[in-house]
Amino acid sequence: MKTALITGITGQDGSYLAELLLEKGYIVHGIKRRSSLFNTDRIDHIYQDPHYPNQRLKLHYGDLTDSMNLTKIIKDCQPDEIYNLGAMSHVKVSFDTPEYVANVDGLGTLRILESVRLLGLENKTKIYQASTSELYGGMLENKNKKGFYDENSPFYPRSPYGVAKIYGFWITKNYREAYNIFACNGILFNHESPRRGETFVTRKITRATAKIALGLQDKMYLGNLDAKRDWGHAKDYVRMMWMILQAKKAEDWVIATGITTTVRDFVKMTFLHLGIEISFRGKGIKEKGYISKCNNNQYQLPIGKQILSVDPTYFRPTEVDFLVGDPTKAKNKLGWIPEYNLEMLVDDMMRSDLKLMEKNSFLKKGGYNTTNYYE
């Protein structure tokens, strides 16, 4: 029975990966930060009482800024695989907390690699480092001949988050070559799900769309509507993470769909899920979104209602306008094929957020007591 250690287990990717590994029979250890509030919502459904016999999911308090704590956890767990998913991953916020991001996302990766080396686990423990498409910075001249970013495309990060992650990328590669550690980078392009954090743009959009349709919110505010992203489903991406560590050779891999979509079109897709069509008028910060047609009797929004405005607050100091990855290597060498397309992703997120907002609305109107109400 294999043992895996996941940093960031309470996040979107960590929770899906924990599910996958438990299904495969792993013992799974997860690191979570101490908080005065419960922060395990995404894994509560798979986390049993720690006193339960044969419990295969075990949680540890820890932080990527604490090298001694990380070393102790790794020593105690003796993992066959480490998935370093923990990070401060909000690009816009990274401009406000650049030192913290460098410490967690950059040096945190080094602390894990060095712990494995110092503990003499080079020949036992495989390491997956969650890298990011933000390494490329959206520089159009850096794309390959097919117009995509691949494993050989030059990097040009344009945020403190991207810069910190580029250190994590190269230190992982360096330890692989210097100490023969099976350490791999997965260069993940944007991946979403119903478990995506509420401040990330896709989840912000699906939540707002559900609220607007239910009459709980007037409109949403977004930043750069022209930004193009390569959006996949987190379930497909964590499956590829596992496949990377099962490969015979430690390498670096792009994880992407190869399809790019604008933020504007993502908004259109979320409303179309409800049978509502949106039109846009204006340019730049003056662009606005309006209801143009409503084909669903359940959500009767008035034609011409404004449901979207652009807020310059949400623009980054250095914008990344275009990201699309080339997953050819992953498909050809590991046989990875995404099971979800963008329409299926939007459907999954919208169904989840509609259910959530309907539940919240019901409770606010005096429905079941929250302590007794279950989905």
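Let me start with threonine 7, which lies in strand β1, residues 3-7, where strands (E, at least two residues) are DSSP runs numbered from the N terminus, as are helices (H or I, at least four). Please keep in mind that this is a predicted model, in which local features need pLDDT of at least 70 and side-chain atom pairs count only at pLDDT 80 or more, while totals for chains, interfaces and linings use all residues. Residues are numbered from 1 along each chain as its sequence is written, and side-chain values use heavy atoms, with hydrogens and water left out.

Is threonine 7 buried or exposed? Its relative accessibility is 3%, and therefore threonine 7 counts as buried, a word that stands for under 20% relative accessible area with a 1.4 Å probe and protein chains only. Leaving aside neighbours within four places in sequence, threonine 7 is in contact (heavy atoms within 4.5 Å) with residues including Ile31, Leu64, Asn84 and Ile112.

Turning to the rings, the whole structure holds eleven aromatic pairs, meaning rings of Phe, Tyr and Trp (its six-membered ring) with centres within 6.5 Å. Tyrosine 136 and tyrosine 149 form a stacked pair, 4.8 Å centre to centre with 10° between the planes, stacked being under 30 degrees. Both tyrosines lie in the loop between β5 (126-132) and α5 (160-179), so the pair ties together parts 13 residues apart in sequence.

Notes. Buried < 20%, exposed > 50% of the residue type's maximum accessible area, 1.4 Å probe, protein only. Phe/Tyr/Trp six-rings, centres within 6.5 Å; stacked < 30°, edge-to-face > 60°.
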